[in-house]
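Student: Could we go through this structure together, one topic at a time? I would like to begin with a single residue.

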Amino acid sequence: MTTSINYEDKIPNNVDLSSDRRLQRALEGWQPKFMNWWGEMGPALETHGVYLRTAVSVGRDGWAHFDHVNVPDYRWGIFLAEPKPDRRIAFGEHKGQPVWQQVPGEYRADLQRLIVIQGDTEPASVEQQKLLGLTAPSLYDLRNLFQVNVEEGRHLWAMVYLLHAYFGREGREEAEALLVRNSGSPDSPRILGAFNEETADWLAFYMFTYFTDRDGKYQLGTLKESAFDPLSRTCEFMLKEEAHHMFVGTTGVDRVVARSAQLIREHDTLDIARHGGIPLDIIQKYVNFHYTVSLDLFGSETSTNAANYFTAGLKGRWMEGRRKDDHQLTEHGIPLRRPNTDGTWRNDELSALLALNLDLRGEYISDCQSGIKRWNKILADAGIDHRFALPHVGFNRHVGVHAGFHITPDGSIVDADTWHDAVKNWLPTSEDLAFVRSLMHPVYEPGKIASWVAPPTNGINGKPFDYEYVYFH
Amino acid sequence: MDVSFDAHPSTYRHWATRTEGEIAWLVLDVDETGGIVPGYELKLNSYDLGVDIELYDATQRLRFEHPEVRTVVLTSGKDKVFCAGANIRMLAASAHEWKVNFCKFTNETRNAMEDTAGQTYLAAVNGSCAGGGYELALACEHILLVDDNSSAVSLPEVPLLGVLPGTGGLTRVVDKRRVRKDLADVFATRPDGVKGKTALRWRLVDELAQPRQVEQATRARAAELAARSTRPRDAEGVELTPLNREVTADGIHYEHVTAGYDRATSAVTITVRAPRAPAPSAVSGLDATFWPLAVTRELDDLILRLRTNEPTLGTWILKTEGDAELLRGYEKLLADNQDHWLADEILRYHKRVLKRLDVTSRSLIALVEPSSCCVGMLAELAFAADRQYMVDGPPIEDEDSTDRASITLTEANFGLFPMGNGISRLESRFYGHPGHVERLRKEAGRPLSPAEADELGLVTDIPDDIDWFDEIRIAIEGRAALSPDACTGLEANLRFAGPETTETRIFGRLSAWQNWIFTRPNASGDEGALRRYGTGQKAVFDRKRV
């Protein structure tokens, strides 16, 4: 297997595609369908060249190349991280055995399902963000949006590669279905709920890339541990690209907070809406919403599926290699706080094996906490007392032990009436959304930026902020 | 140690056979010390697998080597004992899968005794006849019981052992002999059984004879039965010569059949080859090398050996190869001569071997490739399988070749080899859709392409040549990951769509209940009836009805 990327082939790849007639034929058959899908469901804004990075290698010394690319001509390809010699299964009942280069028949259905679910999220976010380019606050942001979009497209390719290469006819059918399901479609929606919500404005986009793409990072992290080596290597390389998406989210929210802080200082009021800024309480409501729908993506706290996947070696824990236990978890326990209908909480002891979703969610939550910390530092540095916080894990939940309960952001269990009276203070109202949308006007002039967001401190690839990241002519 | 199913009258330990013109005598005289495995004595003409292997061999030889025989008298060589049935200590000491496999084989032999082609079985019960002994008699067309005021027929399994008379006993009593169910209930719960006139009145036997008249009455009845036969009197038999078989650690090779083991996937690939030379012009002057007989014997032997000796090879991959035209020549010869005793016996034998496949507790996966000969009687192997995969493309090893896989239906697929449920495999496959079977009949005689076979519902899937390897690998690996017990149950339920017959009731209802009872503590627990039999201790039952 070569590590440099073959751009001679119709489909760039580092998997020696030209020597695999079967796979080549399958992927070349899928490519036009992908292009059709991109044309219909991809970015609505027409451009003539976006300053994009393209993967050119998977090694340590630089894997990306930057240049202006006409978006539909972007070279989506198939890249796997370098194989690790003598890699062994790190957990579950096959622990210590060599990893699998082929799908074991026993696990075909489960692996296929995992890959399809992961693959379904990738094009979904492109669909959700289809219209955002029309209201980009700057060329820099527009470029970032397209970068995220093409890389989500590439992640779809990565999953489709696995389906085509290892799952035969059924895999090819599933690969096509990934293009047939569409975000928000009433007849054929995306598999996971959070991916059927439109990303309506740029604050939502930043929040999505911060909170929801971060869920993706953790899911990829568990698949990177997989005993099925091609899946592991695929996810490892995807994680590299995913980091940029989260950078877009982190710095995007940074810049909104910075701009709001600046306006609060300038006008000496928290009510900055009329000065073209986004008030801090609306930002908090966006955090509350995006964080909690992303928590739902982790699934139920107890999951026999997750336990079976772990035991079988299909899906590990975050940083499995660094865990100091037996990696089989047949004897371990983990506490879970559950709401009671009488408004109290109780502690349950769960089998660690059944609580793997809870474990992953815990890792995710502490990661999210670091964003809150950094946004609060921006406020503190500006001398503003207001602070952001993550809401309670039970707030606004529709999946797991908290579903069906009314739990406030500070963790009190309340009745339905109390909840409905107060929810406008916690989640974005239609007025809030309409207000944010009212700020969304496109700014396509190099070096200029919308009123509600601060410019970035650095440009892309050493270029300045006023670089012409996107050509319109 | 592998069990061999080879036997020959010159080395029988438990049976004496002799023929007197149209009458053959099959005399059970079990060697007490001749158990097939150590640990028990075969007292009172009780039997184990070894005794039954000889019985099966004897019945087969009578069919093929002695066409002149019209009545087979089955009797005992011991004084006052006909047969005490399966040896209890053997059953008590056996692993579950051994018991189940043993019962299956004995059932098949008894079913075969009823599949007569002018050779009628007559049981001359000249002593006590209990359990499997009475079931052996039940498989005969006529039962003559000595009326000595002590010899009884009985099914004492329930009262004495806490299990069922599982070799067709319960089924044949009510189904075949039409004994009233209440009388059958009394009969099957009495350890001492029923004697003389009562046995006759309850229809448990057909005829009584005083001790000194037994032989005379038997001869008279045998002659009467023989008179009904249409067998030729002057035909030459075909000697069943020893099979040419090579057994290695990796498989078994015969002249026309090969089995290769893949222990990693718990699978065995069975390849059956079409004849290599054209068929003779008539059914005469033939010997055991005649392809249809030879291939059937080899397949029979292979099935029996794999079932008994390789219980962990859970998936059988069935393949065929060879020349379709040559195969059809043989098929036509047999089909055109169905009234010839030998053609008839071979067709019946092949039917019984295919039935063995139907009741085999292994996952059967048929592969149809460009090199296959999936035609007529060999295509039946595919239809017996749980799934059929067919390559849609060139041979895997030669992508430039123009060879393609095909399936050709012939008359052999439309009733020549019925299943135990009395209908053909295609009728079972399309049960409730007789119109579809009629449509298939119109397609008979020409090679059907993978797309056509798929369209006509003859195959499960038609992966193309580039998917083939992976699809098959995954199907086999996936099967190996499932619970073997659940697979057995699944397959046994799905294979027999359609009507019930005595045979399906024996392999379905009777065997399934028996196999459940075998594993229950009430039978096989330390205090269970089967384990406690003969210890002087009474069984302790869990009284809950399940």
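Student: Where is the place of B:Gly260?

Tutor: B:Gly260 sits in strand β15 (residues 257–262) of chain B. Helices (H or I, at least four residues) and strands (E, at least two) are DSSP runs, numbered from the N terminus. This is a predicted model, in which local features need pLDDT of at least 70, side-chain atom pairs count only at pLDDT 80 or more, and totals for chains, interfaces and linings use all residues. Residues are numbered from 1 along each chain as its sequence is written, while chains are lettered from A and ligands numbered from 1 in the order in which they are written.

Student: And which residues does B:Gly260 touch?

Tutor: Not counting residues up to four places away in sequence, B:Gly260 touches B:Asp250, B:Gly251, B:Val268 and B:Thr269. Two residues are in contact if their C-beta atoms, placed from the backbone, lie within 7 Å. B:Gly260 and B:Thr271 are eleven residues apart in sequence, and their C-alpha atoms are 8.6 Å apart in space.

Student: Is B:Gly260 exposed or only partly exposed?

Tutor: B:Gly260 is partly exposed, because 15 other C-beta atoms lie within 10 Å. A residue is buried if 20 or more other C-beta atoms lie within 10 Å of its own, exposed if 12 or fewer, and partly exposed in between, with C-beta atoms placed from the backbone.

Student: Let us turn to chain B as a whole. How many helices and strands does chain B have?

Tutor: Chain B has 21 helices and 22 strands. Its radius of gyration is 24 Å, close to the 24 Å that the globule rule gives for 546 residues, so chain B is as compact as a globular protein of that length. The radius is taken over C-alpha atoms, and the globule rule is 2.2 Å times the number of residues to the power 0.38. The C-alpha trace of chain B spans about 80 × 60 × 45 Å along its principal axes. Of the 546 residues of chain B, 50% count as buried.

Student: What domains does the assignment give for chain B?

Tutor: The assignment gives domain 1 (9–227) and domain 2 (247–494); such bounds come from an automatic or database domain assignment. The C-alpha centres of these two domains of chain B lie 34 Å apart. Twelve residues of domain 1 of chain B are in contact with eleven residues of domain 2 of chain B.

Student: Which element gives the most to the domain 1 side?

Tutor: That is α3(B), which gives six residues to the side of domain 1 of chain B that touches domain 2 of chain B. The residues of this side of domain 1 divide into five nonpolar, two polar and five charged. Here Ala, Val, Leu, Ile, Met, Phe, Trp, Tyr, Cys and Pro count as nonpolar, Asp, Glu, Lys and Arg as charged, and the others, Gly among them, as polar.

Student: How many residues are in the largest nonpolar core?

Tutor: The largest nonpolar core has 274 residues, and those with the most contacts inside it are B:Leu122, B:Val125 and B:Val153. A nonpolar core is a set of buried Ala, Val, Leu, Ile, Met, Phe, Trp, Tyr and Cys residues joined through C-beta atoms within 7 Å. Helix α3 (residues 139–166) of chain A provides the largest share of this core, 17 residues. Domain 1 (9–227) and domain 2 (247–494) of chain B both give residues to this core, so it lies between them.

Student: What about the contact between the chains?

Tutor: The contact takes twelve residues from chain B and nine residues from chain A. On the side of chain B that touches chain A there are six nonpolar, one polar and five charged residues.

Student: Which residues of helix α8 of chain A are buried?

Tutor: In helix α8 (residues 304–312) of chain A, A:Ala306, A:Tyr309, A:Phe310 and A:Ala312 are buried. What covers the buried residues of α8(A) includes α2 (108–128) and α9 (356–381) of chain A. Just after α8(A), A:Gly313 takes a positive phi of about 90°.

Student: Which residue other than glycine has a positive phi near 65°?

Tutor: B:Lys80 has a phi near 65°. B:Lys80 lies in strand β5 (residues 80–83) of chain B, and is partly exposed, with 14 other C-beta atoms within 10 Å.
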